[in-house]
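Have the model open as you read.

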Amino acid sequence: MNDSQLDPRYYPSPKDGCPCGAGNTFRDCCRPFLVESASIEDAAKTALGAKEFGSYLVLQRAELARYLLRHRRHTPTLCQTNPALGQQLLLIDIDAVFSLVESLFDAHVWAKKQTLLLGCLARLELAIDDSRWKNRIAYFRASAFYLLSNDRDSALAEFETYAGWRESEKESILQFGLDLTAENLGSAERREVCERIIAIKPSIENQVQYRTLVAMDLLLDDETALAVKLLRELHKEIFDVSTTGMSEMALYLVATSLVHLSFLENEDRRLPLLEKARGYYRTALERGSFTKLGLARLHALLGESYEIAGDYDAAMKYYVLAGDHSDRFDSRYGLARMAIERNEPDRALFQLRKLAEMNLSTSQLFDVNVLLGSVAIAKRCKDLAREVMTKFSHDATLPPALEKRAATLLSDLETILRESRKPQKRASWRRALSFLSKHLELKPNIGGFGINVNALIDGKPQGHPTTDDGSNSTRLLEK
Ligand SMILES: [Zn+2]
């Protein structure tokens, strides 16, 4: 459209606030984009592809402003002249604006402008005059509370408001809210959250996923015996469930949980458990309904199960297969870990540098940095040790569970820097290596269940636009 088409009856004057919610005047914000005829959507795609997140944010704003102006122009009038049709259009508008705000939300995070979110949401709440729209804003506000201030109570209150609107989806919304807030909690609190999710919806998927998470949290608190007991009980129950009745998701979760248990058992018990896990993974694969990402993930997990069993050739084969399906985190991470295992630090470093170019979640970034730390140790490389240390010291947003580990890693790397001047002293190196290998052993409890498994299976809604293949707050960083 050209400038003259900005009809003053429906379009703000240049000095009015911009409809996109950024808080600027229309003239200084989205107006120039709306006057130009070029496609905002294409430009946004290009900016995202080039990882120019600042431009992407500006373009997403303009896209939203354009839709909201269209809404303002048509919907309220139709609601008066033809209420039945008007209400239909209103619902379409609410859905469309909801998904545009989802993209805008992510754009803020990627452009590191999260602090603007709450103000923006407050302005957008007024954009559509309907209580159902205000309810949806509650959903974004919940994510913002969680993201900005780790304010779990406010976030949950907002999620309850949102769930109250869509009674039929109450379970999944609450579960999503709990998932979202859980990452930043201490382990005891997180165990409570897991119990609450199981109570809300005791499906086999939730039982496996959240009881395993409880066990993993117990491990973080050094309650190994209790964790093993919980997992053994869980799998004794599962063993009686026929795989024909299980969803792909359930098969995936059971297999992954078995791999977790196998870490904790001695070798006699471990190998049969891994064998069983591979059986579940293969049954899931045969169903054939996985997305490319899901296939990559499954192959990476098969690789991992071979890696734990000490069959490195088979492991490498599956990691490479995982890479065929996707260039995502799992395959590269698996290859990096294998390279360290095989004492090939340079190959590991190559994969880790590639990983660092991706948009990673907090826990993925943590995992990558830990591996970089072990490369620093293996190569006795002071510069790399210093680099990893800087990364950890600058990351003020680590969840408590990771913070403790980061502190240990930091102190070990510090020792390395000191000790490297006296190469005869190897004790601290060994201590650091043992910390790292312990971390590597525990690795699946950070990565394995932190992902949105919905994203792995075709045709299932993701519940939320995730950044990663769908981790949650992880969701916010992994696209
Ligand atoms: Zn604007």
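## The chain overall

This is a predicted model, where local features need pLDDT of at least 70, side-chain atom pairs count only at pLDDT 80 or more, and totals for chains, interfaces and linings use all residues. Residues are numbered from 1 along each chain as its sequence is written.

The chain comes out with 22 helices and zero strands; helices (H or I, at least four residues) and strands (E, at least two) are DSSP runs, numbered from the N terminus. Of its 479 residues, 45% are buried, meaning that 20 or more other C-beta atoms, placed from the backbone, lie within 10 Å of the residue's own.

## Helix α18

Because 17 of its 17 residues are buried, α18 is largely enclosed by the rest of the structure. Just after α18, R380 has a positive phi of about 50 degrees.

## Packing against α16

Helix α16 (residues 329–341) packs on α18 at about 20 degrees, with the axes 11 Å apart; axes are lines fitted to C-alpha atoms over the stretch in contact, and angles run from 0 to 180 degrees between N-to-C directions. So α16 is roughly parallel to α18, the term for angles under 35 degrees.

On the α16 side, F329, Y333, A336, R337 and I340 meet α18 residues including Q364, D367 and L371, with contact meaning C-beta atoms, placed from the backbone, within 7 Å.

Terms used: Buried ≥ 20, exposed ≤ 12 C-beta atoms within 10 Å, placed from the backbone. Parallel < 35°, antiparallel > 145°, perpendicular 65-115°, else oblique. Contact = placed C-beta atoms within 7 Å.
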